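Here is a protein model to read through slowly, with the sequence and the structure side by side. Please look at both before turning to the questions.

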Amino acid sequence: MSERQWTETLYTGYGQSFSVDSVLFEHKTDHQHLMIFENQVFGRVMALDGVVQTTERDEFIYHEMLTHVPIIAHGAVKRVLIIGGGDGGILREVCRHASIEHITQVEIDQSVIDMAIKYLPSHSAGAYNDIRANIVISDGFDFVQTTDQTFDVIISDSTDPHGPGEVLFTKDFYAGCQRCLNPGGILVTQNGVAFMQTDEVRNTAQRFSRLFKDSHFYSAAVPTYVGGIMAFAWASDTPAHRQLDVATVRQRWQAAGIKSRYYTPDIHVASFALPEYLMQAISGTIHS
Ligand code: AG3
């Protein structure tokens, strides 16, 4: 038994707790507290300002779902933009698609990438050396307002909308993403744990509905994003992208030839089915 416990402080009055078997990295400033520790159940856990960002054991669920669902739904992706995602998990999954020609990742902090390569090597699994990957150390908000590049899929792998991550949930950020999406492009974003952070779903639903022809959410249960299902927001001007039948998804997934641990064509289609409380939260916001 380890003596030390670490408890998440994202919510008031409720939070998951981990035994800390050893601390591998800790960096504490006035602004930020980053920690990587070893836990007997989840392996290495990365926590930022009291919130679990990723763990070795369950990261595949989040990274596969935030990557393969939009890429397979689109069907002809050549260019991908990743906002954030410094641990490299999204980049790793995007790189598995041999047909993708170009990936730009905009991460605000080089030290997050360096630290993840060192302490969470299976997240990037060499993807930072992929010749198709262009890493830009810059502010993702500014990048989408100013770049002259365009993309088929944009994946926003951010922290929660508190502190520095907050701008990545604003209508101006989403408008910037729309600006650099190719026709038929898809934007997906991590949108919090739906039951615990329902206001985030409401806010995004409202902002997306004013900008895009089609918007919705899809979901997956990620154990260390505790409190129920994780919501991923979805926006595109092509409604057909999220109405594919399972046979089409299966055909595309087989053609991609990727081995996954969570994603399947059946899960792809099913992940767009939302519980009634979320449907109500979303519909309450549209046209208001
Ligand atoms: N991105 C997701 C953070 C989720 C925050 N947790 C929560 N709402 N319980 C982290 C980076 C993963 N690549």
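The questions and answers below go through this predicted model one place at a time.

Q: Which residue does UniProt list for "active site", and in which strand is that residue found?
A: The UniProt entry, which is unreviewed, lists Asp-157 under "active site". In this predicted model, the strand that holds Asp-157 covers residues 151–157, and that strand is β10.

Q: Is Asp-157 buried or exposed?
A: A residue counts as buried when its relative accessible area is under 20%. The relative accessible area of Asp-157 is 9%, so Asp-157 is buried.

Q: Which side chain is joined to that of Asp-157 by a polar contact of 2.5 Å?
A: Leaving aside neighbours within four places in sequence, Asp-157 is in contact with several residues, among them Tyr-62, His-63, Gly-84 and Asp-87. In the polar contact of 2.5 Å, the partner of the Asp-157 side chain is the side chain of Tyr-62.

Q: Where is Ser-124, and which residues does it touch when those up to four places away in sequence are not counted?
A: Ser-124 has its place in helix α4, which covers residues 121–124. Its relative accessibility is 4%, and therefore Ser-124 counts as buried. With residues up to four places away in sequence not counted, Ser-124 touches Asp-87, Gly-88, Arg-92 and Ile-117.

Q: With which side chain does the side chain of Glu-93 make a polar contact?
A: Glu-93 lies in helix α2, residues 89–95, and it is buried, with a relative accessible area of 1%. Leaving aside neighbours within four places in sequence, Glu-93 is in contact with His-63, Glu-64, Thr-67 and His-68. The side chain of Glu-93 makes its polar contact, at 2.7 Å, with the side chain of His-68.

Q: Which residue has its backbone nitrogen 2.8 Å from a polar atom of the Glu-8 side chain?
A: Gly-15, Gln-16 and Val-226 are among the residues touched by Glu-8, when residues up to four places away in sequence are not counted. The backbone nitrogen that lies 2.8 Å from a polar atom of the Glu-8 side chain belongs to Val-52.

Q: Is the crossing of α6 and α7 left-handed or right-handed?
A: The axes of α6, residues 171–179, and α7 come within 10 Å and cross at roughly 40°, which makes α6 oblique to α7. On the side of α6 the contact is made by Lys-171, Tyr-174, Ala-175 and Gln-178, and on the side of α7 by Thr-204, Arg-207, Phe-208 and Leu-211. The crossing of α6 and α7 is right-handed.

Q: Which residue caps the N-terminal end of helix α8?
A: Helix α8 covers residues 246–256, and it is followed by Gly-257, whose phi is positive, near 65°. At the N-terminal end, a side-chain oxygen lies 3.2 Å from the backbone nitrogen of Ala-247, and the residue that carries this oxygen and caps the helix is Asp-245.

Note on methods:
Residues numbered from 1 in each chain as written. Predicted model: local features only at pLDDT ≥ 70, side-chain atom pairs only at ≥ 80, totals over all residues. Heavy atoms only, no water. UniProt positions renumbered as here; feature names shortened; annotations may be inferred. Helix = DSSP H or I, 4+ residues; strand = E, 2+ residues; numbered from the N terminus. Buried < 20%, exposed > 50% of the residue type's maximum accessible area, 1.4 Å probe, protein only. Contact = heavy atoms within 4.5 Å. Polar contact = N/O pair within 3.5 Å; in protein donor to acceptor, adjacent residues only side chain to side chain. Axes fitted to C-alpha atoms, helices over the stretch in contact; angles between N-to-C directions. Parallel < 35°, antiparallel > 145°, perpendicular 65-115°, else oblique. Left-handed = near helix turned anticlockwise from the far one by under 90°.
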